[in-house]
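Let us walk through this protein step by step. Keep the model in view as you read.

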Amino acid sequence: MALTTQQLRAFVGVADSGSFTDAAAALGVSQSAVSHAIAGLERELAGPLFDRRTLSLTPLGQRTIGHARAAAVAIETLEAAARGDRSVSGSVRLGAVPTVCRGLLPELIEEWAAALPEVRVDVFEGDDDEMPEWLENGFVDIAILVDPADQPAHSKVVDVDEYAAVIREDHPLVELPEIPLAELADDGMIVSSGGCETHVQSIFAAAGVPLEVRHRVRETSTLLAMVEQGFGVSIVPTLGRGMLSSSLRMRPLVERRARRLVLALPGNRDPHPVGAALLAHTRSRRAASKLSDREADALPEGDVAAQIA
């Protein structure tokens, strides 16, 4: 089997962009060159890598894309070493859940931009359960995992936040400094099947309070819109505070529960050098919030994190 660098780069480029044209532009070659490279790679691998109607990966493409990414990264690293180039540059694919994308990632990207100005971070937003899968199969090069059962070898806890109740501003419990689960549950829970549902189930189980789900949705934005419209109440991480409308309030739970956010590199292949650089230049942040929502509401936007120990 004689694979070429051009074939590997074309494969990764088309998989990332979903377009032969865009991949060609990114690689600085003609579209026909990308097509020939893909066709040659498919001959070597004895099967199609893309569905030509949708340009989605075939089963063979899904099995091999992670290895192709790792090989392309290794080639880039080798070329940089040969040039004697010690600077870190290039792009990296990062996966994170919606609340992290909104509440933590802007701060991280600012930190990375200052330390690694030649690096571009492409963000892919997904569910809690998708992050480990994306990291393992090579869809992303680095990810922020939520409460991993086993912390990966090449990783760092970058933040810890808590789960909190989300209710309307006119809710009867809004004046309480902390809300008991039993009273919150009476109003009907709305949970996100694509995010925190398993964590909410764990919180209720630990407290010995029955969980009755009134509505189940996938997107956090839809969940918050339904709370705003009066269909029920919910529990989301405090990093999601920035996603709340002006008519919603976030209140601590009596039954406190924190979650760890872990920036991790893959454990099944060599890490992307840019991803490794991001990990090295990331500092760990705060512990779980001890700030009441009433105090947080009184602070100017952006000051909440600074007030959390």
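How are helix 2 and helix 3 oriented to each other? The model is a predicted one, and in it these two helices pack at an angle of about 105 degrees. Angles from 65 to 115 degrees count as roughly perpendicular. Helix 2 and helix 3 are therefore roughly perpendicular to each other. Their axes lie 8 Å apart. Helix 3 spans residues 31-45. On the side of helix 2, Phe-20, Thr-21, Ala-23, Ala-24 and Leu-27 make the contact. Helix 3 brings Gln-31, Val-34, Ser-35 and Ile-38. By class, this contact has six nonpolar residues, three polar ones and no charged ones.

Helix 2 also packs against helix 1. Helix 1 covers residues 5-17, and helix 2 covers residues 20-27. Here the angle is about 125 degrees, with the axes 8 Å apart. Helix 1 and helix 2 are therefore oblique to each other. Their crossing is right-handed. Arg-9, Ala-10, Gly-13, Val-14 and Ser-17 of helix 1 meet Phe-20, Asp-22, Ala-23 and Leu-27 of helix 2. This contact holds five nonpolar, two polar and two charged residues.

Now step back to the whole chain. It has 309 residues, and 47% of them count as buried. Its secondary structure comes to 12 helices and nine strands. Take the contacts between residues at least 6 apart in sequence: 73% of them join residues at least 24 apart.

Next, look at helix 6, residues 105-115. Which of its residues are buried? They are Leu-105, Leu-108, Glu-111 and Trp-112. An α-helix has 3.6 residues a turn, so residues three or four places apart point the same way. What do the buried residues of helix 6 pack against? Their partners are strand 1 (90-96), helix 5 (98-103), strand 2 (119-125), strand 3 (142-146), strand 9 (258-264) and helix 11 (273-280).

Between strand 1 and helix 5 there is a loop, and Val-97 is found in it. Is Val-97 buried or exposed? Its relative accessible area is 2%, so Val-97 is buried. Leaving out residues up to four places away in sequence, Val-97 touches Glu-125, Gly-126, Asp-127, Asp-128, Met-131, Val-146 and Arg-259. Gly-195 is 98 residues from Val-97 along the chain, yet their C-alpha atoms are separated by 7.7 Å.

Helix 10, residues 220-228, also has a buried side. Its buried residues are Thr-220, Leu-223, Leu-224, Met-226 and Val-227. They cover an arc of only 160 degrees around the axis, which puts them on the same side of helix 10. What covers them includes helix 5, strand 4 (155-168), strand 5 (189-192), strand 6 (213-217), strand 7 (234-237) and strand 8 (248-252).

Thr-222 is in helix 10 too. At 33% relative accessibility, Thr-222 counts as partly exposed. The C-alpha atoms of Thr-222 and Ile-190 are separated by 10.0 Å, and these residues are 32 apart along the chain. Just after helix 10 comes Gly-230, with a positive phi of about 90 degrees.

Note on methods
Residues numbered from 1 in each chain as written. Predicted model: local features only at pLDDT ≥ 70, side-chain atom pairs only at ≥ 80, totals over all residues. Heavy atoms only, no water. Axes fitted to C-alpha atoms, helices over the stretch in contact; angles between N-to-C directions. Helix = DSSP H or I, 4+ residues; strand = E, 2+ residues; numbered from the N terminus. Parallel < 35°, antiparallel > 145°, perpendicular 65-115°, else oblique. Left-handed = near helix turned anticlockwise from the far one by under 90°. Contact = heavy atoms within 4.5 Å. Nonpolar A, V, L, I, M, F, W, Y, C, P; charged D, E, K, R; others polar. Buried < 20%, exposed > 50% of the residue type's maximum accessible area, 1.4 Å probe, protein only. Arc of directions from axis to C-beta.
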